[in-house]
Amino acid sequence: QMEAPRVETAMTRDAVSPNAKVLRTNVAPLRQWQALILAGRYAEAESALRRHLRRNPRDAEAWSMLADCLRKAGKTRAAVDAYRRLIDTGGPEAINRARYLAASLLQDQLDDPGAAIPLLRAYLAAGASLRPLEALATLRLARALRSTGEQQQAMRLLRRVCDEFPDTEAARQARALLGDVSVTPSRDNRQ
C-alpha cells in the first residue's frame, strides 16, 4: 500500500496558498507514484493518486503528478480537469505550468482553442519569471485567436513573437503564419 503519514511542511503551505493550512504526504509515496508513471503503469499511479487526493484534496504536487499521469496515459479531458484543480491549489510556478499544459491539451488534442485562450492569457499575465515559455505561449495564443476569428489580435501577437523572440523556433513559426517567412523581425512591424 502506498499510504504514508501526512506531514505538514512550510514548503507545502507556501506552494498552495498563503491562507490554507495544507497537509500532504511525505516524499516517499510521491517517488513511488512517480516511479509507476515512469514505468508506464499509469492505471496504478492514477488509482493511488486519486485515493490520496480524496483524503488530501489540496495537495498541489499530487494534482500535478496526476495531471501529468493522465496526459501520458492519453486521458486528455481528465488531464485538463486535473490541471484545472492544480490551478486552484498550486503555487505560482505550478499554476502557470498547469495553465500552459492545459491550454496545450485543449488546443492540440481537444480542438477547443476558445477554452485555451483564457488560460494562455492568464499564463502571459503572470510575472516574467513565471513564464519561461512566453514565446511559445504567445504563439499558441495567436493561433487560438486566429482560429476563433480574432485575426487582428492574432496578427499583433505574431508580430510580437517575431520582434521580441527573433531567433527562435516560435518566431519562425510566427513568420510562417504571417504568410511571409522572409519577414525580418523589426520594431517597425508592430501595429
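**Entry 1: overall layout**

I read the protein along its sequence and recorded the pattern β-α-β-α-α-α-α-α-α-α-α-α. I note at the outset that this is a predicted model. The secondary structure comes to 10 helices and 2 strands.

**Entry 2: the nonpolar core**

Which residues touch the most other members of the largest nonpolar core? I found L49, L66, Y83, L120 and L141, in a core of 53 residues. I set beside this a general remark: in soluble globular proteins, nonpolar side chains tend to be buried together.

Leaving aside neighbours within four places in sequence, L49 is in contact with W33, I37, A62, M65 and L66.

I checked the length of helix α3, which covers residues 42-55. Its 14 residues should span 20 Å at 1.5 Å a residue, and its end C-alpha atoms are 20 Å apart, so the two values agree. The buried residues I listed in α3 are A45, E46, A48, L49, H52 and L53.

I repeated the check on helix α5, residues 76-89. This helix has 14 residues and reaches 20 Å from its first C-alpha to its last, close to the expected 20 Å. Its buried residues are T76, A79, V80, A82, Y83, L86, I87 and T89.

**Entry 3: an aromatic pair**

I searched for aromatic pairs, and the count comes to 1. The ring centres of Y100 and Y123 lie 5.6 Å apart with their planes at 50°, so the pair is tilted. The pair links distant parts of the chain: Y100 is in helix α6 (residues 92-108) and Y123 in helix α7 (residues 113-125), 23 residues apart.

Are these two tyrosines buried or exposed? Y100 is buried, at a relative accessible area of 10%. Y123 is buried as well, with a value of 2%.

I turned to N96, which lies in helix α6. N96 counts as buried because its relative accessibility is 0%, and the cut-off for buried is under 20%. What does the side chain of N96 reach? I found the backbone oxygen of Y123, at 3.1 Å. Setting aside neighbours within four places in sequence, I listed A122, Y123, A126, L130 and R131 as the contacts of N96.

I looked up D111, placed in the loop between α6 and α7. D111 has a positive phi of about 50°, although it is not a glycine. In general, most residues other than glycine have a negative phi. D111 is exposed, with a relative accessible area of 66%.

**Entry 4: helix α10**

In helix α10 (residues 169-178) I listed A170, A171, Q173, A174, R175 and L178 as buried. The cover over these buried residues includes α8 (134-147) and α9 (151-164).

R172 also has its place in helix α10. I recorded R172 as partly exposed, with a relative accessible area of 41%. From C-alpha to C-alpha, R172 and C162 are 7.6 Å apart in space, and they are 10 residues apart in sequence. Just after α10, I noted that G179 takes a positive phi of about 95°.

**Entry 5: the end of helix α2**

My last entry concerns L38, found in helix α2 (residues 27-38). L38 is exposed, with a relative accessible area of 66%. How many residues apart in sequence are L38 and K72? The separation is 34 residues, while their C-alpha atoms are 9.7 Å apart in space.

How values were computed: Residues numbered from 1 in each chain as written. Predicted model: local features only at pLDDT ≥ 70, side-chain atom pairs only at ≥ 80, totals over all residues. Heavy atoms only, no water. Core = buried A, V, L, I, M, F, W, Y, C linked by side-chain atoms within 4.5 Å. Buried < 20%, exposed > 50% of the residue type's maximum accessible area, 1.4 Å probe, protein only. Contact = heavy atoms within 4.5 Å. Helix = DSSP H or I, 4+ residues; strand = E, 2+ residues; numbered from the N terminus. Phe/Tyr/Trp six-rings, centres within 6.5 Å; stacked < 30°, edge-to-face > 60°. Polar contact = N/O pair within 3.5 Å; in protein donor to acceptor, adjacent residues only side chain to side chain. Expected span 1.5 Å × (residues − 1).
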